[in-house]
Amino acid sequence: MTVVIPTYNRAHFVTKAIDSVLSQTFADYEIIVVDDGSSDATKEKLKWYEEKIRYIYQDNSGVSAARNTGIKSARGEWLAFLDSDDEWRVDYLGKQIKRVSDFPNITMQTANCHFIGLDGRTQSYFEINGSLAEFNGRDYLFLENPFCFIVKHGPWQVGSTIIRRKAISGAGLFDTSLTLSEDFDLMARVALQGSFGMIREELVNIYRRKESTECLTNQVKENPIHARESDEKIYEKLKKIEILTNKEHKVLNGLLSTNRRSIGNLLLEKGKNSSARNSYKLAFFIDPSILSLGKYVLSLLPQEVNLCISTWYLRIKSKK
């Protein structure tokens, strides 16, 4: 097992992440910490661990490039990723390895997370991405052909996921051109390499903290249109994979259409009716539906009328 920890200017957090690995009940692993050009005290802090980790420094290139550096240096059959501001619970690796041993050909397995927001509120990560309901009371979920499931239920946390090294190599590593949803993109591609398992139990603490570098959650909140456009870029890229089945293409078209309608809604809220109308039209042509057509027709009306109808619709929907 190889544990890859990318870090950038997190001297106060990275040691806690490393300690959470060193505290694991499962001990057959190596730790690679990739310092992505930190200018704070990260290097000095990590000197305390020099006999317990492999430290790699590189010029600042982004989290995906740092993870790829770790992957290329890894020796283990399985790769486990941990962001430098998050922490594993002591039995995380042990339970991951115990579960995959039941499925000799499994390619990837993820565990639930305990998500702690900036406001201190907590939530199960499988609740956030809507996958929790799929367990139907079970503690484990196994999917032989997981691509459609994974793209429908994004986002995902690579920090709670272990992946076979050969599967990541086959999928093409992390896409360094992405600044959002790179976890989702990689896991969708790995899903085409083989089966996927999910552990319902929360085994990882995922934190959103106040830092000098704005966290991804805030980036999505502050610029939701950009986040949706980033998702669209990923869907379009996935559609170009030659081995996709007709069903997988259809699922991606549905997601593209829904995503494009969401962009239209955001544009409409900003008063950009013409751009919103074009988004609704594109959504309809990608995957024709009454909903997309209705949105397009509504966008032809004055904004005040449109907002009144939309508000009325949401109220009716919330009462059902």
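Predicted model: local features only at pLDDT ≥ 70, side-chain atom pairs only at ≥ 80, totals over all residues.
Helix α11, which spans residues 246-269, packs against helix α12, formed by residues 273-286, with axes that come within 8 Å and cross at roughly 170°. Since angles over 145 degrees count as roughly antiparallel, α11 is therefore roughly antiparallel to α12. The crossing in which α11 passes α12 is left-handed. On the α11 side, the contact is made by N253, L256, S257, R260, R261, I263, G264, N265, L267 and L268, and these residues meet N273, S275, A276, S279, Y280, L282, A283 and I286 of α12. Sorted by class, this contact between α11 and α12 comprises 9 nonpolar, 7 polar and 2 charged residues.

Among the α11 residues in this contact is L267, which counts as buried because its relative accessibility is 11%, the cut-off for burial being under 20%. When neighbours within four places in sequence are left aside, the contacts of L267 are with I225, K272, S275, A276 and S279. The C-alpha atom of L267 lies 9.0 Å from that of R277, a residue 10 places away along the chain.

Helix α11 also packs against helix α13, formed by residues 290-299, and here the axes come within 11 Å and cross at roughly 20°. Angles under 35 degrees count as roughly parallel, and α11 and α13 are therefore roughly parallel to each other. This crossing, too, is left-handed, as α11 passes α13. The residues that meet are S257, R261 and N265 from α11 and L291, S292 and K295 from α13. By class, the contact of α11 with α13 consists of 1 nonpolar, 3 polar and 2 charged residues.

Elsewhere in the chain, helix α3, which covers residues 63-73, has S64, A65, A66, R67, N68, G70 and I71 as buried residues. These buried residues of α3 pack against strands β1 (2-7), β2 (30-36), β3 (54-58) and β4 (78-81), and also against helices α7 (165-171) and α8 (182-190).

A polar atom of the R164 side chain is placed 2.6 Å from the backbone oxygen of I106. Beyond neighbours within four places in sequence, R164 is in contact with E77 and W78, and also with F103, P104, N105, I106 and T107.

Notes: Residues numbered from 1 in each chain as written. Heavy atoms only, no water. Axes fitted to C-alpha atoms, helices over the stretch in contact; angles between N-to-C directions. Helix = DSSP H or I, 4+ residues; strand = E, 2+ residues; numbered from the N terminus. Parallel < 35°, antiparallel > 145°, perpendicular 65-115°, else oblique. Left-handed = near helix turned anticlockwise from the far one by under 90°. Contact = heavy atoms within 4.5 Å. Nonpolar A, V, L, I, M, F, W, Y, C, P; charged D, E, K, R; others polar. Buried < 20%, exposed > 50% of the residue type's maximum accessible area, 1.4 Å probe, protein only. Polar contact = N/O pair within 3.5 Å; in protein donor to acceptor, adjacent residues only side chain to side chain.
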